[in-house]
Amino acid sequence: MSVVKKEAMALTQVSSNKCCGGFQKVFEHDSTELKCRMKFAIYLPPKAESEKCPAFYWLSGLTCTEQNFITKAGSQQMASEHGLIIVAPDTSPRGCNIEGEEESWDFGTGAGFYVNATEEPWKQNYRMYSYVTEELPRLISAHFPADPEKMSISGHSMGGHGALICALNNPGKYKAVSAFAPICNPMQCAWGQKAFTGYLGPDKSKWEAYDATSLVGSYSGPQLDILIDQGRDDQFLSAGQLLPDNFIAACTEKKIPVVFRLQQGYDHSYFFVFSFINDHIKHHAKYLNA
């Protein structure tokens, strides 16, 4: 209990805006996992004023903060209608003064890759995996009318990778999972190889716990019904960074149902996310409100 109490003291409201009958808020807290001040966004639907609601977690992509999703994706209307809380954390620790953390856009700040780093100088702070799967849900349950038994997870790009690995590594924890243009097989792409080498070191057996395509092969748990949308004109798809075909092949082999929709003419941006977010929230609501 002491951990929850210590975390419970640390919440500071940064902003609050009425939206679709509920409230879009941002809070700041001292993270025990990341050892720094962190912000997260939370949408509280009207239903949350009178009862507990399921929580949909959104993980954003490279260079993003907690702001991108809440200002660009248009998720609040559907979350309001379905009575879902939406939690959107930041994408990395902030202000840790680690040498090199600001040097590139695809490693360090804004690029935590949702792993628990094991290498110096990253391992003290870069623990986004535990932050997202353990610390943040505890914090949300302690402070907000969120039903801890009803969680789901989604994300975009690096965050789509994060959503898939969180669901696959924790059978039964998340009632639904979906992703937009996820980095499906990071062990085989330049972004993933750079991040994993830096955070996890050269031993590739340590990388497998954070690679969705690799994890599918060993998954055993409640059936997952995975929804993935991918823009056909996504420059990172053609550059070989996302590799959805590898993931789909692994799912097919394991008979894990995945609905993969290649969306004609769409790119990698939040215009693409905005276009299909309603389908994803409906997909999650079906399982969260069951």
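# A cavity, a core and a bent helix

Colleague: What is the volume of the largest cavity?

Modeller: The structure is a predicted model, and the volume is computed from its atoms. By the rule applied, the count of cavities of 30 Å³ or more comes to 1. The largest cavity has a volume of about 30 Å³.

Colleague: Which element supplies the largest share of the lining of the largest cavity?

Modeller: The lining residues are Gln24, Ala41, Ile42, Tyr43, Phe69, Ile70, Ser75, Gln76, Ile86 and Ala88. At least two of the lining residues come from each of strand E3 (36–44), helix H2 (67–72) and strand E5 (85–89). The largest share, 3 residues, belongs to strand E3.

Colleague: Is isoleucine 70 buried or exposed?

Modeller: Isoleucine 70 is found in helix H2 and is one of the residues lining the largest cavity. Apart from residues up to four places away in sequence, isoleucine 70 touches Gln24, Val26, Ala41 and Gln76. Its relative accessible area is 14%. Buried means under 20%, and isoleucine 70 therefore counts as buried.

Colleague: How far apart are the C-alpha atoms of isoleucine 70 and lysine 25?

Modeller: Along the chain, isoleucine 70 and lysine 25 are 45 residues apart.

Colleague: Which residues touch the most other members of the largest nonpolar core?

Modeller: In soluble globular proteins, nonpolar side chains tend to be buried together. Here the largest nonpolar core holds 94 residues, and helix H10 (residues 270–288) gives the most to this core, with 8 residues. The members that touch the most others are Phe40, Phe69, Phe113, Ile153, Tyr199 and Phe247.

Colleague: With which residues is phenylalanine 69 in contact, leaving aside its neighbours within four places in sequence?

Modeller: Phenylalanine 69 is among the core members that touch the most others, and phenylalanine 69 also lines the largest cavity. Leaving aside neighbours within four places in sequence, the residues in contact with phenylalanine 69 are Phe56, Trp58, Ser60, Gly74, Ser75, Ile86, Ala88, Tyr270 and Ile277.

Colleague: At which residue does helix H4 bend?

Modeller: Helix H4 covers residues 128–143 and bends by about 35°. Within four residues after the bend comes a proline, proline 137. Both Glu135 and Pro137 belong to the buried residues of H4, which also include Met128, Tyr131 and Leu139. The residue at the bend is glutamate 135.

Colleague: What is the C-alpha to C-alpha distance between isoleucine 140 and valine 87?

Modeller: Isoleucine 140 lies in helix H4 and is buried, with a relative accessible area of 0%. Not counting residues up to four places away in sequence, isoleucine 140 touches Phe40, Ile42, Tyr57, Val87 and Ala146. Isoleucine 140 and valine 87 are 53 residues apart in sequence, yet the distance from C-alpha to C-alpha is 8.4 Å.

Colleague: Which residues does alanine 55 touch, not counting those up to four places away in sequence?

Modeller: Alanine 55 is found in strand E4 (residues 53–59), where it is buried with a relative accessible area of 1%. Its C-alpha atom is separated by 9.9 Å from that of alanine 79, which is 24 residues away along the chain. The residues that alanine 55 touches, with that exclusion, are Ile85, Ala146, Lys150, Met151 and Ser152.

Colleague: Is lysine 35 buried or exposed?

Modeller: Lysine 35 lies in the loop between strand E2 (22–31) and strand E3. Although lysine 35 is not a glycine, it has a positive phi of about 55°. Because its relative accessibility is 54%, lysine 35 counts as exposed.

Colleague: Is alanine 181 buried or exposed?

Modeller: Alanine 181 also has a positive phi without being a glycine, at about 45°. Its place is in the loop between strand E7 (177–180) and helix H6 (190–200). Because its relative accessibility is 0%, alanine 181 counts as buried.

Colleague: What is omega for the cis peptide bond that joins glutamate 120 and proline 121?

Modeller: Proline 121 sits in the loop between E5 and H4. The bond that joins it to glutamate 120 is cis, with omega of about -5°.

Note on methods. Residues numbered from 1 in each chain as written. Predicted model: local features only at pLDDT ≥ 70, side-chain atom pairs only at ≥ 80, totals over all residues. Heavy atoms only, no water. Bend = angle between axes of the 7 residues up to and from the residue. Buried < 20%, exposed > 50% of the residue type's maximum accessible area, 1.4 Å probe, protein only. Core = buried A, V, L, I, M, F, W, Y, C linked by side-chain atoms within 4.5 Å. Contact = heavy atoms within 4.5 Å. 1 Å grid on protein atoms, 1.4 Å probe; cavity = no way out; pocket = protein on both sides within 12 Å on 5 of 7 lines; lining within 4 Å. Points joined across faces, edges and corners; volume = space filled by probe spheres on them.
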